[in-house]
Amino acid sequence: MVTFLGINLFGLFGQLLVGLINGSFYALLSLGLAIIFGLLKIINFAQGAMYMLGAFAAWLALQYMGINYWAALIIVPLAVGLVGVLMERFLIRPIANEDHLYSLLLTFGFALMLQGIFTHMYGSSGLSYSIPEALRGGTKLPFMYLPDYRAWIICASVVVCGLTWWMIEKTKLGAYLRAGTENPQLMQAFGINVPLIVTLTFGFGVGLAGLAGVMAAPIYSVSPDMGSNLLIVVFAIVVIGGMGSIGGAILTGLGMGVIEGLTKYFYPEASNTVIFLVMVIVLLLKPAGLFGKEA
C-alpha cells in the first residue's frame, strides 16, 4: 500500500477510474439528452430505457444470433436509433405543438412500458455479458491496475462525444440541424426537409443511449432497471451543464463522474447525493447552468 499525506494512492486512483467510467456513460447519455432538448425542445424521459434496450439488444444478439460485441457496437445503436425514429414519428410528432410536459409524460410512460416488458420476460436479477476477448487483461500502472476494457470505454466515449460535438458545432450538416429547428419555415422555403431532420436528430440522440448500453453490458449487469437508476442522475448533469448545451453535457458528464469518484473515496456517505448537491449550488448561482445561455 502506497500512501501520500495519509491518502491511499491505490484506493484513490481506483475510485478515480470508477468515476471516469461512470462519467463516460454520463457523458454519452447526457449528450443524447442535450441534443434532443437543445435542438428539438423535447424532454426525452425514455433515454434511460433506450440505454437499457441497447444493453439487452447486445445480449439478445449474442445469445440468439451469434452477433459479437464489435458488430453489436454498430448494429445495436442503429436499431435503437430506429426505435427512436419510430417513436418520434408516431408518438411525439402528433403532440409536437403541445406543452413540453406532454412529451415528458409520454416518454416517461413509454420508458415504464419497456421496463415492464423486459422485467416480465427476463426478470430483474440481471444477465451477464462477457468482455470481448481482445479487451481482456489490463496494464499495471504505478498506482493502479487499469483493465483494458475500462480504458476502452473511456477512450471510446471521449472520441464519440468529441466527434458528435464537432459534427453539430463545426460542420454544414450541424448548421442545417440548428437552423432547421430554430427557423423551420425558412429552411423549408430553401427546400430542406425539416420534419426528416427532426426525426433523424431524435433517432441519433437515442442511438447514443443504445451505444452506451452496448458498452455497459460487459461491466454492469444487464437488467430492466439499469436505465431508470441512471436517468435522474443524467438529467441532473444536463441541468448542471446547461439545458441544450452540447459541450456542457460532455464536460459536465465526465467532470461529475470524477467528482463522484473522489467523493466515494473521501466521504462515501455523500457519493449518491453529491451530483444533486452540485446541481442545487449551480442553479442558485447560475440558473442557466454552467455552459447554458441566459434566456
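Axes here are lines fitted to C-alpha atoms, for helices over the stretch in contact, and angles run from 0 to 180 degrees between N-to-C directions. Helices (H or I, at least four residues) and strands (E, at least two) are DSSP runs, numbered from the N terminus. This is a predicted model, in which local features need pLDDT of at least 70 and side-chain atom pairs count only at pLDDT 80 or more, while totals for chains, interfaces and linings use all residues. Residues are numbered from 1 along each chain as its sequence is written, and side-chain values use heavy atoms, with hydrogens and water left out.

**Stop 1: H2 and H3**

Two packed helices are described by the angle between their axes and the distance between the axes. Select residues 47-65, helix H2, and residues 69-92, helix H3; their axes cross at roughly 135° and come within 10 Å. H2 is therefore oblique to H3 (angles under 35 degrees count as roughly parallel, over 145 as roughly antiparallel, 65 to 115 as roughly perpendicular and the rest as oblique). The crossing of H2 past H3 is right-handed; a crossing is left-handed if the near helix is turned anticlockwise from the far one by less than a right angle, and right-handed if clockwise.

Now show side chains. On H2, pick Met50, Leu53, Gly54, Ala57 and Ala58, which meet Ala72, Val76, Val80 and Val83 of H3 (contact means heavy atoms within 4.5 Å). This contact has 8 nonpolar residues, 1 polar and no charged. Ala, Val, Leu, Ile, Met, Phe, Trp, Tyr, Cys and Pro count as nonpolar, Asp, Glu, Lys and Arg as charged, and the others, Gly among them, as polar.

**Stop 2: H2 and H8**

H2 passes H8 in a right-handed crossing. Residues in the contact include Gln47, Met50 and Tyr51 of H2, and Gly205, Val206 and Ala209 of H8. By class, the contact of H2 with H8 holds 9 nonpolar, 5 polar and no charged residues.

**Stop 3: the cavity**

How many cavities of 30 Å³ or more are there? The count is 1, and the largest cavity has about 30 Å³ of space. On a 1 Å grid over the protein atoms alone, a cavity is a set of points where a 1.4 Å probe fits but cannot get out; lining residues have an atom within 4 Å of a point. Grid points are joined across faces, edges and corners, and a volume is the space filled by probe spheres set on the points.

Select Leu29, Gln47, Gly48, Gly227, Leu230, Leu231 and Val234, which line the largest cavity. Helix H9 (226-241) gives the largest share of this lining, 4 residues. The lining divides into 4 nonpolar, 3 polar and no charged residues.

Conventions
On a 1 Å grid over the protein atoms alone, a cavity is a set of points where a 1.4 Å probe fits but cannot get out, and a pocket is an open set with protein on both sides within 12 Å along at least five of seven lines; lining residues have an atom within 4 Å of a point.
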